[in-house]
Amino acid sequence: MAAHNGRNVRDLRRENRAAVLRRLYFDGPMSRFSLAPATGLSSGSISNVVAELLTEELVEEAGSIDSDGGRPRTLLRITPHSGHMIGVDVGETRVRVELFDLSLAERARADRPLPTRGAGRHVRYDSELIAGHIRDGIAEVLEAAGRDPARLLGVGIGVPGIVEHSGEDGAVVHGQPIGWEAVPLERMLRGSGHLPDEVPYFIENGAKTLGQAEMWFGAGRGARNAVVVLFGSGVGACVVTDDVEHGRAVEWGHLTVRVRGRRCRCGALGCLEAYAGAEALLERWQEAGGQPPPDTDEETALTAMLAAAYPADGGAPDPVAAAVLAETAEYLGAGLSDLINLFQPERILVGGWAGLQLGARFLDSVRGHAVSYALPYPSGRVGIDLGALGPDAVTVGAAILPLAAFFARGGRRLPPTPAPEPSPAWRATLGTRLA
């Protein structure tokens, strides 16, 4: 039977369940009495929905509170062990896989380091290697936590590059800086048979998953308009506005900041990433006479650069490292000014492993440059701070993707989904290797 606005009874029931689940998730534990005004549902609808959720063990009782002159009111909360999600961060130094319960408490993790890159070496990451790390990591965390794959709500994956959602191949990744051209990552994972067909994959740009995490649980909570910046080997951003609730990834790192400037790993000249990404930052330090530790990963090399520029023992700073970092702060500030002028956000949050390492040292300088380059009105209304969730924010945000979809379905699981068939173009490119 259809409702007056075109929705049927099933739609209304799903929306009512979703409203209750979201309120319990963000504001719980709550009583049935409190849920009614918080969701806008009638007391009868609340009773029906809660009865269903209790029967399905998605919700559980969590003690009681006194009421005004009546019987104590029973509190309700989401049952943490009623489902679990996996979040994956396909970074440029390692692949991290984490298993979370419904409360987003971490239950297991697996890290797979990627080949070390020295300054100036742009390595194409083999897509099969990455897919293998993801598959192995998923199997490892499920086994470590003793969790049933059939109860998995989904696998969220944050990747570098642009993600195209194709009906033929599922999620296809265009990551030019790492040498990925139309890589059908979802099909590669589904085709392995390592998880039941009904387990969905949610593959998005890593900056978007970082933004999702900070907006739900971090420094972005309460903001209606924000930009969350991912600063790692490269740089990216997620823009959250009134009309784009879950954020939109933007290739901020490939805005031109210097005409005919340094060549970026994407192939263009003068990109912000060619000056402010950690890979480029270390290259510039070496070109200026700095000495990064040989045969180390970028995180270790950046730590060494910071130690040289800001000696812990109070000694004289290395002028080369300090000068390169000061110049980088100006480039980042100029890049942030573009975001301020374009989107006029309330907040800009800086995350990513390099952003967190560098932020405490030179965020004040970045703020100053951003304000000097941006228009006065929007720059006077924006706060620029570090993200609050630390280095695991991308995996947390990736795990939120299946969780948000689960809530949107009213806590219903998806039916089995067949693996996408490979596209003719991809078969032609890789031949029988992926057939």
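Visitor: In what sense do β2 and β3 pair, parallel or antiparallel, and over how many bridges?

Guide: Please note at the outset that this is a predicted model. In general, the strands of a sheet pair through backbone hydrogen bonds, either parallel or antiparallel. Here β2 and β3 are antiparallel and are joined over five bridges.

Visitor: How does β12 pair with β13, and how with β15?

Guide: The two pairings have opposite senses. Strand β12 (residues 226-231) runs antiparallel to β13 (residues 235-241), over six bridges. With β15 (residues 347-351), by contrast, β12 runs parallel, and five bridges join the two. A226 has R347 as its bridge partner in β15.

Visitor: How many residues of β12 are buried, and which way do they point?

Guide: Six of the six residues of β12 are buried, and the strand is thus described as mostly covered. A226, V228 and L230 point one way, while V227, V229 and F231 point the other way; all are buried.

Visitor: At what angle do α1 and α13 pack, and how far apart are their axes?

Guide: Two packed helices are described by the angle between their axes and the distance between the axes. For α1 and α13 (residues 393-408) the angle is about 135 degrees, and the axes are 8 Å apart. That angle makes α1 oblique to α13. The contact brings R14, A18, L21, R22 and Y25 of α1 to L403, F407 and A408 of α13. By class, the residues of this contact comprise six nonpolar, no polar and two charged.

Visitor: Where is there a cis peptide bond, and which residues other than glycine have a positive phi?

Guide: Most residues other than glycine have a negative phi, and most peptide bonds are trans. In this model a cis peptide bond joins G28 and P29, with omega about 0 degrees. P29 is placed in the loop between α1 (9-27) and β1 (30-31). As to phi, L104 is not a glycine, yet its value is positive, about 65 degrees. L104 belongs to the loop between β5 (94-101) and β6 (106-113), and it counts as buried because its relative accessibility is 14%. A182, also not a glycine, has a positive phi of about 55 degrees. A182 lies in strand β10 (residues 180-183) and is partly exposed, with a relative accessible area of 33%.

Visitor: How far apart are R96 and D392 in sequence and in space?

Guide: R96 and D392 are separated by 296 residues in sequence, but their C-alpha atoms are 8.8 Å apart in space. A polar contact of 2.7 Å joins their side chains. R96 is situated in strand β5 and is buried, since its relative accessible area is 11%. When neighbours within four places in sequence are left aside, the contacts of R96 include R109, D111, P391 and T395.

Visitor: Which residue does P80 contact beyond its sequence neighbours, and is P80 buried or partly exposed?

Guide: P80 is in the loop between β3 (73-78) and β4 (84-90). Leaving aside neighbours within four places in sequence, P80 is in contact with E60, D101, L102 and S103. S103 is 23 residues away in sequence and 5.2 Å away in space, C-alpha to C-alpha. P80 counts as partly exposed because its relative accessibility is 23%.

Visitor: Finally, with which side chain does the side chain of R265 make a polar contact?

Guide: The partner is the side chain of E273, at 2.7 Å. R265 is found in the loop between β14 (244-250) and α7 (273-276). With a relative accessibility of 14%, R265 counts as buried.

Terms used: Residues numbered from 1 in each chain as written. Predicted model: local features only at pLDDT ≥ 70, side-chain atom pairs only at ≥ 80, totals over all residues. Heavy atoms only, no water. Helix = DSSP H or I, 4+ residues; strand = E, 2+ residues; numbered from the N terminus. Buried < 20%, exposed > 50% of the residue type's maximum accessible area, 1.4 Å probe, protein only. Polar contact = N/O pair within 3.5 Å; in protein donor to acceptor, adjacent residues only side chain to side chain. Axes fitted to C-alpha atoms, helices over the stretch in contact; angles between N-to-C directions. Parallel < 35°, antiparallel > 145°, perpendicular 65-115°, else oblique. Contact = heavy atoms within 4.5 Å. Nonpolar A, V, L, I, M, F, W, Y, C, P; charged D, E, K, R; others polar. Pairing = 2+ DSSP bridges.
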